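Colleague: I'd like to learn how to read aromatic pairs in a model. Can you walk me through it with an example?

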Amino acid sequence: MTRLVLACLSLTLLTSAAGPAWSQAPQPAPGAQPTAPAAQPSAAQPAPAQPSRPPFETKKVEGTDNVYIFRNGNHQAMFVVTNDGVIATDPVAYGRPTGGQTYLDEIKKVTDKPVKFVIYSHHHFDHIAGGKAFKDAGARFIAHKRAQERLAPLGDPNTVLPDEVFDTTKTIELGGTTLELSYHGLNHSDSTIVMRLPKEKIVFIVDTIPVGTVPGRGMIDMYPLETEQFIEKVLAMDWERLIPGHPGQPNGRLGTKKDAEDQLALLREASAEMKKLGQEGKCWDTAEKEFKLQKYADWPGYEAGLPFIARRYCGLWGRGT
Ligand SMILES: [Zn+2]
């Protein structure tokens, strides 16, 4: 009898482990015609179980010759392999003492060319700590000038300071690849840049535009009104796919302009709601308790993200910060 109950329980667990339907949705191959019907799993064939995710991995971006994503834990970075060397980005090794070397070793599995550049997306340690292995291998570190101003006084022992900074734009040309770096004002931080591969129509933007998730801790020091303007500027740029600094949901997918529009809408709705509560004099405690974004309740990160969103917008509308 006990065994039977356990068997039923296991079956229930297996069924629920399959997760909501969207987590099984096949991803369209990049470059595929948008009108092509997506293959649907046949009703007779059970969907395959989700393989457990390795701690780190490197994947080539489909439809490109030389663009890769290195993921370590829940952080990821883009790197581009050219005939004359590699352009890497964020070391993503905060709290992972060997993470920078792991990233470099992963690059070495793809090419024997040296890493010429490491570009920082912004100054937050969770994305840029751990670059020593790249520095020792001779890479040149580039960041927005505000990243240097933030990092220098902190003297973080795990974070390499930039060798070179820029203010508004900088273009990297290496081995036939062009990577445009540009700064469009305050957003998720005061040093967050856009990296754009014009030929591939890919952008790498970290933290400001989460893909398919509700924003969370990243709200702490973001600039709410300026972020709306930033996303509008990003939407006006020429690109088709967005590589985020945290894997997109579901299945680590890349973002589209629709994702950027959705995130902008979420921020505007959150801001409008908190404006009302803030101007009614309800910040902090009452407003933070009353704040809901019911429309996004089924998005990943909703429960965890809500308090961060409420707190940040109470800072704006209830305090003026
Ligand atoms: Zn950040």
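Colleague: Are Tyr 103 and Phe 134 buried or exposed?

Modeller: Both Tyr 103 and Phe 134 are buried, where buried means under 20% relative accessible area, exposed over 50% and partly exposed in between, using a 1.4 Å probe and protein chains only. This is a predicted model, so local features need pLDDT of at least 70 and side-chain atom pairs count only at pLDDT 80 or more, while totals for chains, interfaces and linings use all residues. Residues are numbered from 1 along each chain as its sequence is written, and side-chain values use heavy atoms, with hydrogens and water left out.

Colleague: How do I read a ring pair?

Modeller: You describe a pair of aromatic rings by the distance of the centres and the angle of the planes. Rings of Phe, Tyr and Trp (its six-membered ring) pair if their centres lie within 6.5 Å; planes under 30 degrees apart are stacked, over 60 edge-to-face, the rest tilted. Here that rule gives 7 aromatic pairs. Take Phe 79 and Tyr 103: with centres 6.2 Å apart and planes at 55°, the pair is tilted.

Colleague: Where do Phe 79 and Tyr 103 sit in the chain?

Modeller: Phe 79 is in strand β3 (residues 75-82) and Tyr 103 in helix α2 (residues 99-110), 24 residues apart. Helices (H or I, at least four residues) and strands (E, at least two) are DSSP runs, numbered from the N terminus. Tyr 103 is buried at 0% relative accessibility.

Colleague: And what about the rings of Tyr 103 and Phe 134?

Modeller: Their centres are 5.0 Å apart and their planes at 70°, so that pair is edge-to-face.
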